[in-house]
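User: Hello! I am new to this structure and would like to learn how to read it. Could you take me through it step by step?

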Amino acid sequence: MLDNEAFGSFVFYSTLLIIKMYIVAIITGQVRLRKKAFANPEDAMRHGGITFAREDPDVERCRRAHHNDMENIFPFLFLGAVYSMTEPTLLIARTHFQVFFLGRVVHTVAYLLALKAPTRSLAYIIAQVPCFSMAVQVLIAVASYQ
């Protein structure tokens, strides 16, 4: 499968995206510890008492960033894999994957650092363009089978 250079590029950027998601999860845990805001009473008891089983705006921001990643990266994983099988031009495929990756990185940074609007929205839109493009190209490639 890695003989398909487009698929190899997809695997590379997908792996970077998964690592980025792990980093956001680690950041969320670190913010929970620093702010003493734990989701579960047993965790709060271990770190100071039941009063620390509470929500915190900074923790919730991290959680929303992670949730947004799942809403967007998981569909990309499907679209990119299928798109790679349609034998796209390597340069165009790589550009799709790079734009999505960079858009998601900027989106995450904007989310976690609460950057001024519309930074996060623009990053979201920019990352959606290659996904929409891949979806259309996949549909065109398989339309004859329907």
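User: Where does Ser9 sit, and is it buried or exposed?

Analyst: Ser9 belongs to helix α1. Keep in mind that this is a predicted model. To call a residue buried, we ask for a relative accessible area under 20%. Ser9 has 6%, so it is buried. Setting aside its neighbours within four places in sequence, Ser9 is in contact with Arg94 and Phe97.

User: What should I look at in a helix such as α4?

Analyst: Begin with the length. Helix α4 runs over residues 90-112, and at 1.5 Å a residue its 23 residues should span 33 Å. Just after α4, Ala114 has a positive phi of about 50 degrees.

User: Which residues of α4 are buried, and what do they pack against?

Analyst: An α-helix has 3.6 residues a turn, so residues three or four places apart point the same way. In α4 the buried residues include Ala93, His96, Phe97, Phe100, Phe101, Arg104, His107, Thr108 and Tyr111. The buried residues of α4 pack against α1 (5-35), α3 (57-84) and α5 (119-142).

User: Which residues touch the most other members of the largest nonpolar core?

Analyst: That core has 19 residues, and Phe76, Phe97, Phe100 and Met134 touch the most other members. At least two residues of this core come from each of α1, α3, α4 and α5. Helix α1 gives the most, with 6 residues.

User: What is Phe76 in contact with?

Analyst: Leaving out neighbours within four places in sequence, Phe76 is in contact with Phe10, Ser14, Leu17, Ala81, Phe97, Phe100, Cys131 and Met134. Cys131 from that list is itself buried, at 7% relative accessibility.

User: How many disulfides are there?

Analyst: A search of the whole structure gives 0 disulfides. Cys62 is buried too, with a relative accessible area of 5%.

User: How do I read a pair of aromatic rings?

Analyst: Such a pair is described by the distance of the centres and the angle of the planes. Here the count comes to 8 aromatic pairs. One of them joins Tyr13 and Phe101, with 5.9 Å centre to centre and 55 degrees between the planes, and it is tilted. Tyr13 is in helix α1 and Phe101 in helix α4, so this pair ties together parts that are 88 residues apart in sequence. Tyr13 is buried at 12% relative accessible area, and Phe101 is buried at 15%.

User: How are the rings of Tyr83 and Phe97 arranged?

Analyst: Their centres are 6.2 Å apart and their planes stand at 85 degrees, so the pair is edge-to-face. Tyr83 lies in helix α3 and Phe97 in helix α4, so the pair ties together parts that are 14 residues apart in sequence. Both Tyr83 and Phe97 are buried. They also belong to one aromatic cluster, formed by Phe7, Phe10, Phe76, Tyr83, Phe97 and Phe100.

User: Which ring has the charged end of Lys36 over it, and where does Arg120 lie?

Analyst: For Lys36, the charged end sits over the ring of Phe52, 5.1 Å from its centre. Arg120 lies over the face of Tyr111, at 4.3 Å from the ring centre.

Methods
Residues numbered from 1 in each chain as written. Predicted model: local features only at pLDDT ≥ 70, side-chain atom pairs only at ≥ 80, totals over all residues. Heavy atoms only, no water. Helix = DSSP H or I, 4+ residues; strand = E, 2+ residues; numbered from the N terminus. Expected span 1.5 Å × (residues − 1). Buried < 20%, exposed > 50% of the residue type's maximum accessible area, 1.4 Å probe, protein only. Contact = heavy atoms within 4.5 Å. Core = buried A, V, L, I, M, F, W, Y, C linked by side-chain atoms within 4.5 Å. Disulfide = S-S within 2.5 Å. Phe/Tyr/Trp six-rings, centres within 6.5 Å; stacked < 30°, edge-to-face > 60°. Lys NZ or Arg CZ within 6 Å of the ring centre and 35° of its normal.
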